[in-house]
Amino acid sequence: MDEKDRIPGENILSALIGLVGAVANNGRTEQTDRVIREAVMGMNEEEREEEILQRIYEVKNNIAPDCAVCKKPCGNTSDYDMTQFYEGDKKILIEKKKLIGAIRDRLKISENISDDIYRGIAYLGYQLEPDEYQRLRKEL
């Protein structure tokens, strides 16, 4: 992977994918919506990264407290391994980056955090066909 392919805030994105996994199993709250917005909008703010990560983990541990101490973790709520994000077809990476932009753009214009936002973040943790990312982007 070329260094220019890296996205800003990849540690935040990694933690967000884990939070979305926790939400899928335990449900959303007003608190999860708030931290999703804060994290996505703060991905480019390197100086706030630790603060944002701490909020994500706090919220995730509130909605899925047993996952933090699980002796046999399933991985659903774990931080995403970003090496997988960058692996594979360059076209998929381009579509994932566009999806991140679309999620951010949607959050700029709407206070409502729809299920599509959560689904979009979850999709970033998979290697789907490029048209799946394009379809979701259009839905946003």
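Glutamine 84 sits in helix H4. Helices here are DSSP runs of H or I with at least four residues, strands are E runs of at least two, and both are numbered from the N terminus. Not counting residues up to four places away in sequence, glutamine 84 touches Lys96 and Gln127, where contact means heavy atoms within 4.5 Å. And cysteine 70, 14 residues away in sequence, is 23 Å away in space, C-alpha to C-alpha.

Quick housekeeping. This is a predicted model, so local features need pLDDT of at least 70 and side-chain atom pairs count only at pLDDT 80 or more, while totals for chains, interfaces and linings use all residues. Residues are numbered from 1 along each chain as its sequence is written, and side-chain values use heavy atoms, with hydrogens and water left out.

Now look at phenylalanine 85. Which residue does it form an aromatic pair with? A search of the whole structure turns up 1 aromatic pair, and that pair is phenylalanine 85 with tyrosine 86, edge-to-face, 5.1 Å centre to centre and 85° between the planes. For the record, rings of Phe, Tyr and Trp (its six-membered ring) pair if their centres lie within 6.5 Å; planes under 30 degrees apart are stacked, over 60 edge-to-face, and the rest tilted. Both phenylalanine 85 and tyrosine 86 are buried. Leaving aside neighbours within four places in sequence, the contacts of phenylalanine 85 include Ile7, Tyr80, Lys96 and Gln127.

Phenylalanine 85 brings us to the core. In soluble globular proteins, nonpolar side chains tend to be buried together. The largest nonpolar core here has 41 residues, and Ile36 and Phe85 touch the most other members. By nonpolar core I mean a set of buried Ala, Val, Leu, Ile, Met, Phe, Trp, Tyr and Cys residues joined through side-chain atoms within 4.5 Å. Helices giving two or more residues to this core include H1, H2 (30-41), H3 (49-63) and H5 (90-109), and H1 gives the most, with 9 residues.

Over in helix H6 you'll find isoleucine 117. Is isoleucine 117 buried or exposed? Buried, because its relative accessible area is 0%. Beyond four places in sequence, isoleucine 117 is in contact with Ile36, Ile103, Arg106, Leu107 and Leu140. Leucine 107 is 10 residues from isoleucine 117 along the chain, and their C-alpha atoms are separated by 8.6 Å.

How many cavities of 30 Å³ or more does the structure hold? The structure has 1, and the largest cavity contains about 40 Å³ of space. On a 1 Å grid over the protein atoms alone, a cavity is a set of points where a 1.4 Å probe fits but cannot get out; a pocket is an open set with protein on both sides within 12 Å along at least five of seven lines; and lining residues have an atom within 4 Å of a point. Points are joined across faces, edges and corners, and a volume is the space filled by probe spheres set on them. Among the residues lining the largest cavity are Leu13, Leu16, Met43 and Ile121. That lining divides into 8 nonpolar, no polar and no charged residues, counting Ala, Val, Leu, Ile, Met, Phe, Trp, Tyr, Cys and Pro as nonpolar, Asp, Glu, Lys and Arg as charged, and the others, Gly among them, as polar.

Methionine 43 is in the loop between H2 and H3, and it's buried, at 4% relative accessible area. Its contacts beyond four places in sequence include Ile7, Pro8, Gly9 and Arg104.

Then the largest pocket, with about 330 Å³ of space. Of the 19 residues lining it, the closest to its centre are Ile17, Gly21, Asn76, Ala122 and Tyr126. H1 gives the most to that lining, with 7 residues, and the lining splits into 8 nonpolar, 8 polar and 3 charged.

Last one: lysine 60, in helix H3. Lysine 60 counts as buried because its relative accessible area is 9%. Setting aside neighbours within four places in sequence, lysine 60 is in contact with Gly18, Leu19, Ala22, Thr77, Ser78 and Asp79.

Technical notes
Buried means under 20% relative accessible area, exposed over 50%, partly exposed in between (1.4 Å probe, protein chains only).
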